[in-house]
Amino acid sequence: MMRTRPLKVALLGCGVVGSEVARIMTTHADDLTQRIGAPVELAGVAVRRPSKVREGIDPALITTDATALLERGDIDVVIEVIGGIEPARTLITTAFENGASVVSANKALLAQDGAALHAAAEKHGRDLYYEAAVAGAIPLVRPMRESLAGDKINRVMGIVNGTTNFILDKMDTTGAGYQEALDEATALGYAEADPTADVEGYDAAAKAAILAGIAFHTRVRLDDVYREGMTEVSASDFASAKRMGCTIKLLAILERAADGASVTARVHPAMIPLTHPLASVREAYNAVFVEAEAAGRLMFYGPGAGGSPTASAVLGDLVAVCRNKLAQATGPGESAYTQLPVSTMGEVVTRYHISLDVADKPGVLAQVATTFAEHGVSIDTVRQQGKDGEASLVVVTHRAPDAALTGTVEALRKLDTVRGVASIMRVEGE
């Protein structure tokens, strides 16, 4: 039976994503009513700049007092798309205290304080949904949290930032340098005026923390995620990758240890074989590769950012939360029963691609090989070329603890025959 009294929604933030959410709520109102079982009504929109013209939104709904909006007592669902830590954290808690469930796209806050927010939601019997926080329109959080709830996820590897994937894709396919590719991304609106959060891996690390918590049923905070940016990736790195039949991507990699006793979460550039599904992800698209014990290998692919894709994920959560509200139930909350420790990057087993500038004289290769052996790192392949007293040496290792590989590189830098370490990159996805 259709309920006639509308469910009231408060929108916190009305930028690119928030304005698109409001537009879809208005233009698709009849469809949303049928899908939910009751009408939804936009009851208020909290913004910082009330004078800005917001097409399609009744000016009477606009307010700068978000707290007063949440404390009205008649709000059923709050959609938070303002981002950042504060005031978002306080406002979400206020929403729970006043009887509202929350749909959020705030990856930074969830990565830092997800456990506390889940606890507040549970205390007040409310929902906290955040599909839009991880990969835009790609359904990922709910499939991992619900569809794979009966399975055991062992590894997640993905491209979760569209800006960096666009830049690396352009460097690969056109031969552009990093700055040139970044300038193009900025001109097209893929990169912010300050791209630090994207290119230094902070955005991907926040998403990695959220996904690791869901995948491994343990609490993983942003500080637990090893992070390395991609600003040092060069055209010569891509040339080396191509010689190996690889390309380069900024990857979020989440793994359960072989003995199941710990997990790791990391974000860094890596070479991956062209035969791997992630290698073909182009432009500003995202893709996440999930390896589960029973389901096997699954890949989720699609646009990972932008107003419309992110709003699509927000509206999907809104429908789910509203249905729960009508059923007087809540969806799944935090699952952290395993309480697994998060290992450091030094304990991660990886492969390395190392390019060295060396003196072009006899015995250099033997000296370098001895250094690898002394640190317990086995060499897979070596390529050497040189003339006029200068040479380059490219070494690809077998898998070894990252700490051993780091120690090897430090020792190589001290050799008198090694003029410099031109580049170091991990190799993934075999």
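A salt bridge is a side-chain nitrogen of Lys or Arg within 4 Å of a carboxyl oxygen of Asp or Glu. In this predicted model, E80 is buried and has no such partner, the nearest side chain of opposite charge being that of K107 at 9.9 Å. Across the whole structure, a search finds 20 salt bridges. One cavity of 30 Å³ or more is present.

- E80 belongs to strand 4, which covers residues 77–80.
- The E80 side chain does reach the backbone nitrogen of I82, at 3.0 Å.
- A polar contact of 3.4 Å also joins the side chains of E80 and N106.
- Beyond four places in sequence, the residues touched by E80 are L12, A88, I92, V103, S104, A105 and N106.

**S104**

- S104 sits in strand 5 (residues 101–104) and is buried, with a relative accessible area of 2%.
- A polar atom of the S104 side chain lies 3.0 Å from the backbone nitrogen of N106.
- Apart from neighbours within four places in sequence, S104 contacts E80, I92, Y129, Y130 and A133.

**Salt bridges**

- R72 and D74 form a salt bridge through their side chains, with an N to O distance of 2.9 Å.
- Both ends of that pair are partly exposed, R72 at 42% relative accessibility and D74 at 27%.
- D169 and R282 form another salt bridge, their closest N and O atoms being 2.7 Å apart.
- D169 is in helix 8 (residues 162–174) and R282 in the loop between strand 10 (263–273) and strand 11 (285–292), so this pair ties together parts 113 residues apart in sequence.
- D169 is buried at 3% relative accessibility, whereas R282 is partly exposed at 40%.
- E428 and R266 meet in a salt bridge of 2.8 Å, N to O.
- E428 is buried at 1% relative accessibility, and R266 is buried at 0%.
- A network of salt bridges connects R155, E255, R266 and E428.

**Cavity**

- The largest cavity holds about 30 Å³ of space.
- Its lining is made up of Y129, Y130, E131, V141, R142, R145, E146 and D317.
- Helix 7 (residues 141–147) supplies the largest share of that lining, four residues.

Definitions and conventions:
Residues numbered from 1 in each chain as written. Predicted model: local features only at pLDDT ≥ 70, side-chain atom pairs only at ≥ 80, totals over all residues. Heavy atoms only, no water. Helix = DSSP H or I, 4+ residues; strand = E, 2+ residues; numbered from the N terminus. Buried < 20%, exposed > 50% of the residue type's maximum accessible area, 1.4 Å probe, protein only. Lys, Arg positive; Asp, Glu negative; His and termini not counted. Polar contact = N/O pair within 3.5 Å; in protein donor to acceptor, adjacent residues only side chain to side chain. Contact = heavy atoms within 4.5 Å. 1 Å grid on protein atoms, 1.4 Å probe; cavity = no way out; pocket = protein on both sides within 12 Å on 5 of 7 lines; lining within 4 Å. Points joined across faces, edges and corners; volume = space filled by probe spheres on them.
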